[in-house]
Amino acid sequence: MNGRRRLRLGVLLATVTALGAALVPTASPAEAGGRGDRPHAAPPGTVVIDGRRMQRTKDRLDRGDPALRRAVEKLTARADGWLGQGPWTVVDKPAPAPGGDVHDYLSQAPYWWPSQPRTEENPWGCPYVQRDGERNPEVDTGTDRPDVGKVFNSVTALSLAWYYTGREQYAEHAGDILRTWFLDPATRMNPNLDHGQFIPCKYDGRAIGIIDFSQQYTSVLDAVALLDAGAPGWSSGDRAAMRAWNTDFLDWLVNSEFGKQESAAKNNHGTFQDMQIAGLALATGDRELARRTVLDARALRIDPQIAEDGSQPQELARTRSWHYSTFDLVAYTRLAAIGRQVGVDLWDYEGPQGQSLFRAVRYLLPAATGAAPWPHPELEFHRYAASDIVHAAADAGDRQARAAVPRLETPPGGDLWALRPAAEQLDSIAG
């Protein structure tokens, strides 16, 4: 072979080698470190949050997106705060639920207060009377309600922090919290809410106690889905056991008398019940139930609950009308997110008088942006309560909502929408 042919062959080989190297993806610093074992992982199978969108966000973060890095710093600050707390269990309350089983969840009605002095003969101060919107502080003692809130909030923050940073301690602690509350035979909660929001001397439990779970439990479903994507310390046995617990809980929600009563509710309780059933159905593989629940919500929820002008009359009648108007829309927007996963566009629906989720969000925009005061009763107005809802409407294509986003009030602890694009109740009053 002469020198000229050898030179041509060398150039060709160098070109092929360089082209091959360009086609091989290079691991990002984050992948080469904490997440190097899954650089090409599939999108997480989340229930409410769009898993593909999360995957794209993670890719942008790995490429150094400065805005996302700042958001992750706020997220990890939350997660770090949970590392030294928990796990929690239903079995450590001072006394079991009225049925006598320490594994049964127990909570007390938040807006009910004693009307008589407490005496030896009447230790509770019964009868209890309702004071809507005024939270009785005794509900945070002797029940499971405070601890279940910590479970929900901690596993949500910890699983998200693990997904975006790859730090094993976040996933391991989230798994420990979930196993202790839901799976360990010695400490697990029974998959029912038979004793939710009891009223002393009146009811051992009520159907509306289901709201204790429905307002946040779909965030736990997404947290579990993130851990299922290969988190350290979260085994295939954990995944199977959590799925079994969720299947049993879904059966109770659909078939128990309390579950049926909550599904019949005409206000935010019914909306949240639909959202929780649809989310659990999707998480446990019953896509048909999830789809049917979202479809039925059009005539069952939107038509009677949202007025032509976008207001929500049942929620406006409350002493916390702003809180409950945003609260109900958290359920609607999350239900819409579940619907997209089963082929239903709830955002696109309009009722016979033009009722729609877009109109309901637009009704809030003047107060959400500070352009006008909220014209209805509200014991404690927090403008930021609408921030996630407006983000959701903007992402769904509403121009007015998109224009309003820059004028929203940042929630305490920062705006995490870019990392977990699914509405949460930002001014939760746990009731």
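Trainee: At roughly what angle do the axes of H12 and helix H14 cross?
Mentor: This is a predicted model, where local features need pLDDT of at least 70, side-chain atom pairs count only at pLDDT 80 or more, and totals for chains, interfaces and linings use all residues. Residues are numbered from 1 along each chain as its sequence is written, and side-chain values use heavy atoms, with hydrogens and water left out. Helices are DSSP runs of H or I, at least four residues, numbered from the N terminus, and axes are lines fitted to C-alpha atoms over the stretch in contact, with angles from 0 to 180 degrees between N-to-C directions. The axes of H12 and H14 (residues 321–341) come within 10 Å, and they cross at roughly 140°.

Trainee: What do we call the orientation of H12 and H14 to each other?
Mentor: Under 35 degrees is roughly parallel, over 145 roughly antiparallel, 65 to 115 roughly perpendicular, and the rest oblique. H12 and H14 are therefore oblique.

Trainee: Which residues of H14 make the contact with H12?
Mentor: Contact means heavy atoms within 4.5 Å. H12 brings Arg287, Val294, Ala297, Arg301, Ile302 and Gln305, and H14 answers with Asp328, Tyr332, Leu335, Gly339 and Gln341.

Trainee: Where is Gln312 placed, and is Gln312 buried or exposed?
Mentor: Gln312 sits in the loop between helix H12 (287–305) and helix H13 (313–316). Buried means under 20% relative accessible area, exposed over 50%, and partly exposed in between, using a 1.4 Å probe and protein chains only. At 2% relative accessibility, Gln312 is buried.

Trainee: Which residue's backbone oxygen lies 3.0 Å from a polar atom of the Gln312 side chain?
Mentor: Leaving out residues up to four places away in sequence, Gln312 touches Gln305, Ile306, Ser325, Asp328, Leu329 and Tyr332. The backbone oxygen 3.0 Å from a polar atom of that side chain belongs to Ser325.

Trainee: Over to H4 and H6: which residues of H6 make the contact?
Mentor: The axes of H4 (residues 66–83) and H6 (residues 168–183) come within 10 Å and cross at roughly 55°. That makes H4 oblique to H6. On the H4 side the contact uses Thr76, Ala79, Asp80, Trp82 and Leu83, and on the H6 side Gln169, Tyr170 and His173.

Trainee: How far is the C-alpha atom of Gln169 from that of Leu357?
Mentor: Gln169 belongs to helix H6, and at 40% relative accessibility Gln169 counts as partly exposed. Gln169 and Leu357 are 188 residues apart along the chain, and their C-alpha atoms are separated by 39 Å.

Definitions and conventions. Helices (H or I, at least four residues) and strands (E, at least two) are DSSP runs, numbered from the N terminus. A polar contact is a pair of N or O atoms within 3.5 Å; within protein, one must be able to donate a hydrogen and the other to accept it, and residues adjacent in sequence count only if both atoms are side-chain atoms.
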